Every structure is written in C-alpha cells, then in structure tokens.
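Here is a friendly walk through one protein model. Have a look at the sequence and the 3D view, then read on.

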Amino acid sequence: MTVNRVLVLSVTAGEGHMRAAAAIKTEILQRNPKATVEILDTFRYASPLIEKVILGTYMEVIKMSPVIYGYLYRQAEKEKPLSGFAKAEFNRIINLLAAPKLVTYIDQMKPQVIICTHPFPLGILSHLQQRGKCQVPVLATITDFTVHPFWLFPEVDCYFVASERLIQPLLDYGIEPSKIKATGIPIDPVFALPKDKIALKRQWHLDLKLPTILVMGGGLGMGPMAEVVKDLGSSGLPCQTVVVCGRNEQLRNKLMKMVPHIPGRVAVLGYVNNIPDLMAACDLMVGKAGGLTSSEAMASSLPMLIVDPIPGQEERNAEFLEAAGAARLVRGHRDLVYYVRQYLADTSLQQRMKEAARRIGRPRSAAAVACTIDELVQ
C-alpha cells in the first residue's frame with residue numbers, strides 16, 4: 001500500500017523548513033505520481049496575525065541581535081523536556097489563533113499522514129491529538145543537527161532525525177525508541193544523482209586548474225559575506241570564489257560593485273535553483289550552518305568552514321559538524337584566510353574532511369522518510 005494523501009505543515013522562517021517539505025513532496029510524487037501532497041505554510045494560512053507578530057519578531061531578533069536570540073534559545077534548552085512553562089504558554093497562544101482553521105483544512109483534505117518540518121505546527125497538532133480532533137499519524141522532521149525541547153511532544157508518532165548520534169538525546173527526553181528514525185534531514189532527491197565534477201565546472205565557467213570556494217549565507221544571504229568575499233579575493237590564494245547571495249539583492253549589488261576592484265577571480269550569483277550542481281562543482285564551502293544547507297553540503301561531500309554561526313541552532317549544527325570532522329568553525333571572518341590557506345595546502349586534510357562529509361551525508365534522506373511514511377500507513 002502506497003500513501004496517497006499527505007499533508008506537510010511547515011513555516012517560512014528562513015527557507016530550510018520549506019525546502020525540507022518540498023524534498024519530501026518531490027520524493028513521494030516520484031514514487032506515486034497520483035498522490036496528493038499538500039504543503040501548507042501553516043501560519044500564513046491559519047493565522048496571518050501569528051505570521052506577522054511572532055515570525056516577524058523572530059526574524060528581526062535574529063537579524064538585529066543574534067546574541068539575544070542565542071540567549072533565549074539556550075534558556076529554552078534548559079526547560080524541562082516536555083513541560084516547560086514558556087513552551088506551554090507559547091503553544092496555548094498559537095492554538096487559540098491557528099487551530100480552528102487548521103482543523104477545517106484537515107477535515108476537508110483527510111490526509112493519511114501529517115508531517116511537520118517546523119516545531120510550531122507540531123504543537124498545534126499535539127493539542128488537537130489530545131482533544132481527539134486529529135486521529136492520523138503525526139510525524140516530525142527535525143531540521144537541525146540537534147534536538148531542542150520545542151520539538152518534543154509525547155503524542156508525535158515518529159521523529160526523523162539527522163543522524164544516529166541524535167537518537168540518544170531523544171531517548172534522554174523520554175521519546176520511545178520505536179518512534180525515532182535516523183533518516184537524515186530531507187533534501188532534494190537530486191542530490192543522490194551522480195555528478196560529473198569536471199563537466200559541472202565547465203558549465204559554471206570555472207577554471208579547471210583552480211580549487212573553487214563556494215560562499216553562501218543561506219536563503220536570506222545573512223552573515224559577513226561581503227567581508228568574506230573581499231578577504232578571499234584579496235588573499236592571493238590559488239583559488240576561485242563563487243558567492244551565492246540568495247534573495248539579498250542589496251548584498252548582491254554591493255558585491256557587484258566590489259568585484260572589479262578585487263584581484264582574485266570572483267563570481268557573484270543571486271538566488272540559485274540548481275544548488276546540487278553548484279555544490280558538486282565546488283571544493284570547499286564557506287558560510288552559515290543552517291540545517292538544510294549543511295545537509296546539502298554533506299550530501300555533496302563538500303567540507304565546510306563555518307563563519308560566525310547564529311547563536312542557537314546554527315552553533316549546535318557547527319559543533320556537530322566539527323566533531324564529525326567535516327567542518328571547521330571560524331570564529332571571525334578575519335581568521336578565514338588562514339584556514340583556507342591551511343586547507344588548500346594540505347591534501348591529506350582535504351581528503352579527511354571530504355570523507356567525513358561523505359560519511360554523515362544522507363543524499364537519500366527524503367527516500368528514507370518516504371519509506372517510513374509508507375510503513376506507517378500500512
């Protein structure tokens with residue numbers, strides 16, 4: 001029996017959560033083209049007020065004061081696993097505003113299973129399950145290399161996590177072993193297809209004789225990217241740089257004005273749709289430690305130098321990737337050139353980091369999630 005009706009609930013906070021939802025949908029439709037898979041931007045649909053107030057505030061805090069966000073994140077980590085007051089009160093407000101409309105949507109669609117790629121809608125569904133208003137399996141895809149208490153609800157039927165190393169933290173929080181699957185964070189199934197690195201370098205008009213450094217700041221183009229590009233382009237290192245600005249047009253325009261005055265070879269891109277090919281063409285990535293971007297890099301066997309991660313989940317992701325040997329944390333962009341020089345000069349280090357990335361990479365993560373969904377529906 002193959003699943004036919006799937007509802008994926010996510011939230012547009014950054015882009016990673018929605019990309020994970022899209023990866024799951026793509027994989028399910030590849031297996032069953034006749035399936036109905038709906039991705040719902042939960043707050044935008046159920047409560048524009050929540051989207052404007054809560055998500056708007058969340059994004060502004062991250063941009064304007066990452067230190068404050070990091071403090072709040074760490075405080076929430078210290079809450080009792082399943083009964084923190086802040087978590088309970090937050091979910092009470094969300095349920096009051098968003099649950100009624102979401103119930104109507106679920107009743108009309110009648111999904112066989114509901115998957116959440118963000119913890120906020122998960123709290124709504126947990127509340128509905130307690131009241132008997134949601135009687136289909138509810139699954140959660142944790143989209144970072146860490147487990148935060150805001151994801152944890154005893155009613156959830158199954159958790160998908162990034163790695164086997166995250167199973168124990170969930171067990172410590174009291175989640176039953178049968179409810180935990182180490183599938184990897186769902187990424188586009190295209191990452192699992194074989195790639196021709198030389199052909200892709202030519203396609204991107206890259207010099208075949210020079211190592212290529214990919215600079216990314218996530219979908220929002222955040223971080224000290226202008227400084228990073230300037231430092232690398234002026235370093236005299238034997239490499240070329242490709243920088244992806246995402247939707248940050250202000251940054252892209254700034255870099256386009258800078259590049260003619262930088263002696264090194266630098267290509268500036270805006271929002272890129274074919275990231276799998278670009279990652280496969282590159283040799284080292286410099287940027288943020290978002291869960292989806294990091295997972296995509298690992299699936300591409302692409303080592304990372306992580307610069308100034310946002311305090312909170314990005315710091316936790318950086319710690320995980322560095323401990324695995326696939327990344328190095330650079331505390332300030334001024335130290336970046338030193339680490340890049342070290343990496344380019346040491347072929348043994350390059351091989352070790354690429355192999356570490358390959359070991360933890362899960363290019364078929366979306367397929368693993370889809371298989372589990374089929375099993376649960378059966």
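Which residues of H16 are buried?

## The last helix, H16

They are Ser365, Ala366, Ala367, Val369, Ala370, Thr372, Ile373, Asp374 and Val377. Here "buried" means under 20% relative accessible area, "exposed" means over 50%, and "partly exposed" lies in between, with a 1.4 Å probe and protein chains only. The cover over the buried residues of H16 includes helix H1 (16–31), along with strands E3 (113–116), E4 (138–141), E5 (158–161) and E6 (180–182). Helices (H or I, at least four residues) and strands (E, at least two) are DSSP runs, numbered from the N terminus.

How does the length of H16 work out? At 1.5 Å a residue, its 13 residues (365–377) should span 18 Å, and the end C-alpha atoms are 19 Å apart, which agrees. That expected span is 1.5 Å times one less than the number of residues.

## What you are looking at

This is a predicted model, where local features need pLDDT of at least 70 and side-chain atom pairs count only at pLDDT 80 or more, while totals for chains, interfaces and linings use all residues. Residues are numbered from 1 along each chain as its sequence is written, and side-chain values use heavy atoms, with hydrogens and water left out.

The protein chain has 16 helices and 12 strands. Of its 378 residues, 56% are buried. Take the contacts (heavy atoms within 4.5 Å) with a separation of 6 or more: 70% of them join residues 24 or more positions apart. The chain exposes about 16600 Å², with 54% of that supplied by carbon and sulfur atoms; the areas come from the Shrake-Rupley method with a 1.4 Å probe, and for residues only the protein chains shown count as cover.

## Helix H13 and its end

H13 covers residues 313–324. Its 12 residues should span 16 Å at 1.5 Å a residue, and the end C-alpha atoms are 17 Å apart, which agrees. The buried residues of H13 are Gln313, Glu314, Glu315, Asn317, Ala318, Phe320, Leu321 and Ala324. After H13 comes glycine 325, with a positive phi near 90 degrees.

## Two loop residues with positive phi

Lysine 110 isn't a glycine, yet its phi is positive, at about 55 degrees. You'll find lysine 110 in the loop between helix H5 (85–109) and E3. Lysine 110 counts as exposed because its relative accessibility is 55%.

Serine 301 is another residue other than glycine with a positive phi, near 55 degrees. The loop that holds serine 301 runs between helix H12 (291–299) and strand E11 (304–307). With a relative accessible area of 27%, serine 301 is partly exposed.

Valine 3 sits in the segment before strand E1 (5–10). Its relative accessible area is 2%, so valine 3 is buried. Neighbours within four places in sequence aside, valine 3 is in contact with Ile28, Asn32, Ala35, Gln112, Val113, Ile373, Asp374 and Val377. Valine 3 and lysine 34 are 31 residues apart in sequence, with 9.9 Å between their C-alpha atoms.

Valine 243 belongs to strand E8 (residues 240–244) and counts as buried, at 0% relative accessibility. Beyond four places in sequence, valine 243 is in contact with Val215, Met225, Val229, Leu255, Val266, Ala267, Val268 and Leu269. Proline 276 lies in helix H11 (residues 275–281) and is buried too, with a relative accessible area of 11%. Its contacts, leaving aside neighbours within four places in sequence, are Val190, Phe191 and Lys195. From proline 276 to leucine 193 the C-alpha distance is 9.3 Å, across 83 residues of sequence.

## Inside the fold

How many cavities of 30 Å³ or more does a search of the whole structure find? There are 4. A cavity is a set of points, on a 1 Å grid over the protein atoms alone, where a 1.4 Å probe fits but cannot get out; lining residues have an atom within 4 Å of a point.

The second largest cavity has a volume of about 50 Å³. Its lining is made up of Phe145, Ala162, Gly184, Ile185, Ile187, Ser295, Ile360, Gly361, Arg362 and Ser365. Ser365 is also among the buried residues of H16.

Conventions
On a 1 Å grid over the protein atoms alone, a cavity is a set of points where a 1.4 Å probe fits but cannot get out, and a pocket is an open set with protein on both sides within 12 Å along at least five of seven lines; lining residues have an atom within 4 Å of a point. Grid points are joined across faces, edges and corners, and a volume is the space filled by probe spheres set on the points.
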